[in-house]
Amino acid sequence: MEVQVVALPTSHVVVVPYPSRGHINPIMNLCKLLLSNNSDILVTFVVTEQWLNLISSESKPINLRFASIPNVVPDLDRSAHNFLNVVEAVMTKMEAPLEELLDRLQPPPTIIMCDAFLFWAVGVGNRRNIPVAAFWTTSTSELWVQYYHIFQQNLLENGEEELIDYIPAMSWIRLSDIPLLDGKNQQILQWAMKSCEWMHKAQYLLLPSIYELESQVIDALKARFTIPIYSIGPNIPYLTLGDNSHDANGAGHSYLNWLDHQPCDSVLYISYGSFLSVSSAQMDEIAAALHNSGVRFLWIMHGESSRLKEICGNMGLVVPWCDQLRVLLHPAIGGYWTHCGWNSIIEGLFAGVPFLTFPLAMDQPLISKLIVEDWKVGWRVKKEDKLDTLVRRDEIVVLLRKFMQLDSDVGKDMRKGAKELQHICQLAIAKEGSSETNIKAFLKNIIESAVPQGSNRPQAQVGIENLS
């Protein structure tokens, strides 16, 4: 293990993500962005031992080190089938080992950057007089729904309202677009409400959105909160796009080479995320529809790629993993069929592709509504409101052929809109763009709030992989 000796950093940021891929990735990308703007800070990224084994080999800046705490979820592989138990373990068992870790960290932390859902981490910082930046991990519109519900519970208590209109700049939304409030997720709802209440006790709130995408709802939040709020998206790995090494084992070359030989805008990219899953019956309908439609596709499927490939036919590829952002930016990609996880949507916007939306749970239906009805850069796959509706192959065939018809007026308008949103993303991260400006402002705040250091600072070791 290589350990380098450097000057004691001006700030020591301890990062505490919720332990799942969709939460770890965006806050890790934010850490790398912060360090690319100021290498004179130290980041200690805290994960469970399971996650340390999964991410410790990934490339990272020298001033980012990992620290592990004991596992709170016994079996990571089965967590998708045990969602509530996983959440409960995270919310009730992670706080104590984090406190123990903070007691022995050197240099002492000057700020905690935690997943906003982990309200107890805000309490840890407050008790220790360490500033806390709460990092929200999905759309600002979803935050507004949860936050507003705390103060306006009478609006939804009886469940009789079919349409609600309290999200700034968003058209009327259906209660079916907010499954968190449907009465079936009471425990998770209570944790979400508590998280929103504790956000006021943090010192900063970070939003993984782009101001121009959700400006009115971001402004509405700023009017309600007394702490600084920074929109700092996109929190996706765009900093590494110049790295052409692809994945470490070389498996990525096959799908990228295949894309290189496909016509421009002709391939539908399909991925439903890494946590929640689509039913086997629905998978079979999708596979049969791909076979019958004649549409070119690249489908990311983690467990059943061989079986589904046999059903799909020879117009595309079914692979277990890909470098998603690189794929979405490939000129052959003409659309993205997605579960509507926020990180994936931001990557699709950054790539300028239109969407087929296929929400599975939680915040995803509301994000689908944003895409289809407000931004107008996609279509729904499911026509009914219920998330468990089985969409038959014949319906999917018609939709796929129409969606990938590039020369239709509707298709042209949708793709034009997608390119306009891509331009907004590019402007946000450019010099003096909204996100670039907010990143620098947040960095200035956390450095100025750190304990002042003398000019002859002592030496410290960084680059240690595991502090457990």
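Which residue in β13 stands opposite Trp299? It is Val318, and I shall begin with the sheet in which this pair lies.

Before that, two remarks on conventions. What you see is a predicted model, in which local features need pLDDT of at least 70 and side-chain atom pairs count only at pLDDT 80 or more, while totals for chains, interfaces and linings use all residues. Residues are numbered from 1 along each chain as its sequence is written, and side-chain values use heavy atoms, with hydrogens and water left out.

Let me turn to the sheet. Helices (H or I, at least four residues) and strands (E, at least two) are DSSP runs, numbered from the N terminus. Two strands pair if DSSP finds at least two bridges between them. On that basis, six strands form an open, parallel sheet, in the order β13-β12-β11-β14-β15-β16. Its edges are β13 (316–319) and β16 (378–380); each has a single partner strand, so one side of each is left without a neighbour in the sheet. From one strand to the next, the twist averages 15°. For this and later values, axes are lines fitted to C-alpha atoms, for helices over the stretch in contact, and angles run from 0 to 180 degrees between N-to-C directions.

Consider the pairings. Strand β12, residues 296–300, is joined to β13 in the parallel sense over four bridges. β11 pairs with β12, also in the parallel sense, over five bridges, and five bridges join β11 to β14, again running parallel. Ile270 has a bridge partner on each of these strands: Trp299 in β12 and Trp337 in β14.

How many residues of β11 are buried? Here buried means under 20% relative accessible area, exposed means over 50%, and partly exposed lies in between, with a 1.4 Å probe and protein chains only. Five of the five residues of β11 are buried, so the strand is largely enclosed by the rest of the structure. Val267, Tyr269 and Ser271 point one way, and Leu268 and Ile270 the other way. In a regular strand the side chains alternate between the two faces of the sheet.

Helix α10 (residues 280–293) lies across β11 (267–271), β12 and β14 (333–338), and runs at about 155° to β12. Helix α14 (residues 364–374) touches β15 (355–357) and β16, its direction making about 120° with that of β16.

I move now to a helix pair. Helix α5, residues 119–127, and helix α7, residues 186–199, pack at an angle of about 35°, with their axes 8 Å apart. Their crossing is left-handed, a term used if the near helix is turned anticlockwise from the far one by less than a right angle. On the α5 side the residues are Phe119, Val122, Gly123 and Asn126, which meet Trp191, Lys194, Ser195 and Trp198 in α7. By class, this contact has four nonpolar, three polar and one charged residues. Ala, Val, Leu, Ile, Met, Phe, Trp, Tyr, Cys and Pro count as nonpolar, Asp, Glu, Lys and Arg as charged, and the others, Gly among them, as polar.

Next, the salt bridges. The criterion is a side-chain nitrogen of Lys or Arg within 4 Å of a carboxyl oxygen of Asp or Glu, and a search of the whole structure finds 13 of them. One joins Arg128 and Asp103 at 2.8 Å, N to O. This pair links distant parts of the chain, 25 residues apart: Arg128 is in the loop between α5 and β6 (132–135), and Asp103 is in helix α4 (residues 95–104). Arg128 is partly exposed at 27%, whereas Asp103 is exposed at 56%.

Another salt bridge joins Arg326 and Asp323 at 3.0 Å, N to O. Arg326 is buried at 14%, while Asp323 is partly exposed at 22%.

In Lys444 and Glu448, the closest N and O atoms are 2.8 Å apart. These residues are four apart in helix α17 (residues 434–449), and therefore separated by about one helical turn. Lys444 is partly exposed at 48%, and Glu448 is exposed at 54%. Elsewhere, salt bridges that share partners join Glu95, Glu99, Asp103, Arg127 and Arg128 into one network.

Is Asn438 buried or exposed? At 14% relative accessibility, Asn438 counts as buried. Leaving aside neighbours within four places in sequence, Asn438 is in contact with Tyr230, Ser231 and Ile232.

Definitions and conventions
Contact means heavy atoms within 4.5 Å.
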